[in-house]
Amino acid sequence: MKIAVLSGKGGTGKTTVSASLAYSLGACQYIDCDVEEPNGAIFLKPDLQESYQVKVPVPEVDQAKCNGCGACVKVCQFNALAVIKGKVLLFSEICHHCGACSLACQTGAVHEVDRIIGVVETDQVQSFLHGRLNIGEPISIPIIRELKKRINKDLPVILDCPPGASCSVVQSLEDCDYCILVTEPTPFGLHDLKIAVALVKKMGIPFGVIVNKATENQRMIQDFCKENEIGILMEIPFSRKIAEKYSKGILPVQDNPEWIKRFQEVYAKVERGVNQ
Amino acid sequence: MKIAISATGNTLDGALDQRFGRAAFFLIVDPDTSQFEVINNEAAGAAGGAGITSAQTIVDKGVKAVITGNVGPNAMKVLNAAEIAVYRGVSASVRANIEKFKKRTLEKIDNAVPSHFGMGLTGGQK
């Protein structure tokens, strides 16, 4: 079973929830898809032993064969090429690696070469995986794709998603069996939860909500979920103690075994949600 | 000689568009006769690479100079390769900018602004 943990808003507790869930389950696979800022490793402290470079194909031009016709420029849907004074200018960081330029070239001047955009790192048994996108690279999708190629079908898989609701999140959610939406009782949390709900509904994935930093006097998330018949899987209270431990890299589950039980209950609810 | 001006409207009386890559229009103007051609800048709504394609469009028109507000790094690379001079326009009509260009009182731009500079607070999308 593949469970994606997302939130829309950043800083609501995606990593807290996904790392806690992974810790509580024990036998599972944790995949940190937030390749711009992977931080699950801070809490789960894996022994990273394997590293794989993630490469994407980008065009290279043999100027001797190029006649400056501009066919590659016209076919590019991402505006990654220009032809000036009969010479092709390449903007590799804008390229989306579709290969259309090399197909369009009639003189065989454009061919593809590999460019490294980041790495996938894992522990020896691939129970912990994360990706790291190189600084300055705008497209994270190929790294998430590489991570998901290594999904272990025999174990529960927890995918810690990037914030937001754009391409990288969609890529992380694809083929998942269930989504846990983590949010907090603030206007921002609610606003972005609504976007996340719309996204998972559109993708047709069953989901439930975890309210982090929950308090008695701010019930906007509970009200919204009730109105929209969305199940709440768990509430994590707003607690100074949890925050202090977190700031030292200690999860609630690592501090208090009671939380392990509660996260195992969340997993049981998720299993029922998937089978419904 | 022809020059290109980024514009918010399709007449000489419209304002200069401070953005280059995402300018609404380019007016290709002959400063001596004030004859001009309007280009509806299709790259303005591109998800990415707007500056590159905008620059390609005006390079293909054979202009010798560009008057605009801010030029991003990729567009600047294309304009430099084409040896097109870039001038910083003033917040005024296209016509007023042409007059200043003819009097040689516009400042030449050598440096690009950062990527997505003209996209406001929501800029820099992936």
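**A helix and an interface**

Modeller: In this predicted model, helix H7 of chain A runs over residues 187-203, and its 17 residues reach 25 Å from the first C-alpha to the last, close to the 24 Å expected at 1.5 Å a residue. Along H7(A), the buried residues are Gly189(A), Leu190(A), Asp192(A), Leu193(A), Ala196(A), Val197(A), Leu199(A) and Val200(A). Just after H7(A) comes Gly204(A), with a positive phi of about 70 degrees.

Turning to the contact between the chains, 15 residues of chain B are in contact with 14 residues of chain A, and the area buried between them is about 1,100 Å², with carbon and sulfur atoms giving 58% of that area. The rule finds one salt bridge across this interface, in which Glu83(B) is paired with Lys85(A), the closest N and O atoms being 3.2 Å apart. Between chain B and chain A, four residue pairs, both residues at pLDDT 80 or more, are counted in polar contact. On the side of chain B that touches chain A, the elements that give two or more residues are helix H1 (50-60) and helix H2 (73-81) of chain B, and H1(B) gives the most, with five residues. By class, that side of chain B has seven nonpolar, five polar and three charged residues.

Terms used
Residues are numbered from 1 along each chain as its sequence is written. Chains are lettered from A and ligands numbered from 1 in the order in which they are written. This is a predicted model: local features need pLDDT of at least 70, side-chain atom pairs count only at pLDDT 80 or more; totals for chains, interfaces and linings use all residues. Side-chain values use heavy atoms; hydrogens and water are left out. Contact means heavy atoms within 4.5 Å. Buried area is the accessible area (1.4 Å probe) that two parts lose on being put together, summed over both. A salt bridge is a side-chain nitrogen of Lys or Arg within 4 Å of a carboxyl oxygen of Asp or Glu. A polar contact is a pair of N or O atoms within 3.5 Å; within protein, one must be able to donate a hydrogen and the other to accept it, and residues adjacent in sequence count only if both atoms are side-chain atoms. Helices (H or I, at least four residues) and strands (E, at least two) are DSSP runs, numbered from the N terminus. Ala, Val, Leu, Ile, Met, Phe, Trp, Tyr, Cys and Pro count as nonpolar, Asp, Glu, Lys and Arg as charged, and the others, Gly among them, as polar. The expected span of a helix is 1.5 Å times one less than its number of residues. Buried means under 20% relative accessible area, exposed over 50%, partly exposed in between (1.4 Å probe, protein chains only).
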